[in-house]
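Please keep the sequence and the coordinates at hand while reading.

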Amino acid sequence: MLWKLLLRSQSCRLCSFRKMRSPPKYRPFLACFTYTTDRQSSKENTGTVEKLYKCSVDIRKIRRLKGWVLLEDETYVEEIANILQELGADETAVASILERCPEAIVCSPTAVNTQRKLWQLVCKNEEELIKLIEQFPESFFTIKDQENQKLNVQFFQELGLKNVVISRLLTAAPNVFHNPVEKNKQMVRILQESYLDVGGSEANMKVWLLKLLSQNPFILLNSPTAIKETLEFLQEQGFTSFEILQLLSKLKGFLFQLCPRSIQNSISFSKNAFKCTDHDLKQLVLKCPALLYYSVPVLEERMQGLLREGISIAQIRETPMVLELTPQIVQYRIRKLNSLGYRIKDGHLANLNGSKEEFEANFGKIQAKKVRPLFNPVAPLNVEE
């Protein structure tokens, strides 16, 4: 409260000072901004502003974020607030949702209730639904193609995706649900055919497909042509069907997001960096598919970061998965290992590699070996009599 009072008093003094001064030849940028805001405020729908105030909404946030909604003649502040409260949102939650997603107030209550029923198809209860809306209000209030969204939800349910996964896709990849359902069906058929064409089995195909869609639903926004071109390019590079299947299993749908040119650039960079043959490079790629996925600038940055730490090209070639780590993570892990006297440049990179959990587990084992005293079972015990 104190800082607000100080700010107000300072503002009042500033206003008095401005009255005393003669108008400047050029208006300062901040003054222009204030003038624009004042002019906008005079055009705002006063009824909308008053209703938002009653909902404890910070109008300043809305003006900064999406002030245009305050200029709309027709808004539904009370109706939207009531729908959110019916779902279990308290006053604070309603205010937060409207501040972060002001366009909610221009959505018709009928459309919002339709959206509510749609999302309830994949939510266990209203409590779960309102939590999703609180976390992702923009995804919920992006109201269009509702019938198409419903058809896509039903299609994904028929495929075997769990509702919890579909709800996550609704929030993280809403554009997938705005795709015509026939396009999504076509893409799924292409993916299934591609998996079978490179030697995948019918028995494993469903599991692979569901994992792919769960981890990378944006694959459905690709074109069938792009998928075919990527597979054909890998075959031209000498990868066998079995090897491509391995890459599909490791990279999931991310492989299909790559274009032949970017793959070629990454392959050329890795071949020059490691000074290896085509056969050796393929083995490196199969061990570390990130060599295909990451762009040349990213690979170069990570390679240089490792070299600066004293790690050799031979070590990187032996454990290429270390290129999946950012330079910042590499520096942090090397410092931790150095604190135990473990010199990474003189050893194997396996202890540097892996996920955060894997690294911490390995670090704990090294630390335990460092502090644990050696026990000699045949040495005499010093026992005081």
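This is a predicted model: local features need pLDDT of at least 70, side-chain atom pairs count only at pLDDT 80 or more; totals for chains, interfaces and linings use all residues.

Helix 7 itself spans residues 109-120, and the 16 Å from its first C-alpha to its last is close to the 16 Å expected for its 12 residues at 1.5 Å a residue.

## Packing of helix 10 with helix 13

Helix 10 (residues 146-159) and helix 13 (residues 181-197) have axes that come within 9 Å and cross at roughly 25 degrees. Because angles under 35 degrees count as roughly parallel, helix 10 and helix 13 are described as roughly parallel to each other.

On the helix 10 side, the contact is made by Asn148, Leu151, Asn152, Phe155, Phe156 and Leu159, which meet Val181, Asn184, Lys185 and Val188 in helix 13. Sorted by class, this contact has six nonpolar, three polar and one charged residues.

## Aromatic pairs

The count of aromatic pairs comes to seven. In one of them, the ring centres of Phe140 and Phe141 lie 5.0 Å apart with their planes at 90 degrees, so this pair is edge-to-face. Phe140, at 1% relative accessibility, counts as buried, and Phe141 counts as buried at 4%. Ring pairs also link Phe140 and Phe141 with Trp119 into a cluster.

Phe155 and Phe156 form a tilted pair, with 5.6 Å centre to centre and 45 degrees between the planes; both residues are buried.

Terms used:
Residues are numbered from 1 along each chain as its sequence is written. Side-chain values use heavy atoms; hydrogens and water are left out. Axes are lines fitted to C-alpha atoms, for helices over the stretch in contact, and angles run from 0 to 180 degrees between N-to-C directions. Helices (H or I, at least four residues) and strands (E, at least two) are DSSP runs, numbered from the N terminus. Angles under 35 degrees count as roughly parallel, over 145 as roughly antiparallel, 65 to 115 as roughly perpendicular and the rest as oblique. Contact means heavy atoms within 4.5 Å. Ala, Val, Leu, Ile, Met, Phe, Trp, Tyr, Cys and Pro count as nonpolar, Asp, Glu, Lys and Arg as charged, and the others, Gly among them, as polar. The expected span of a helix is 1.5 Å times one less than its number of residues. Rings of Phe, Tyr and Trp (its six-membered ring) pair if their centres lie within 6.5 Å; planes under 30 degrees apart count as stacked, over 60 as edge-to-face and the rest as tilted. Buried means under 20% relative accessible area, exposed over 50%, partly exposed in between (1.4 Å probe, protein chains only).
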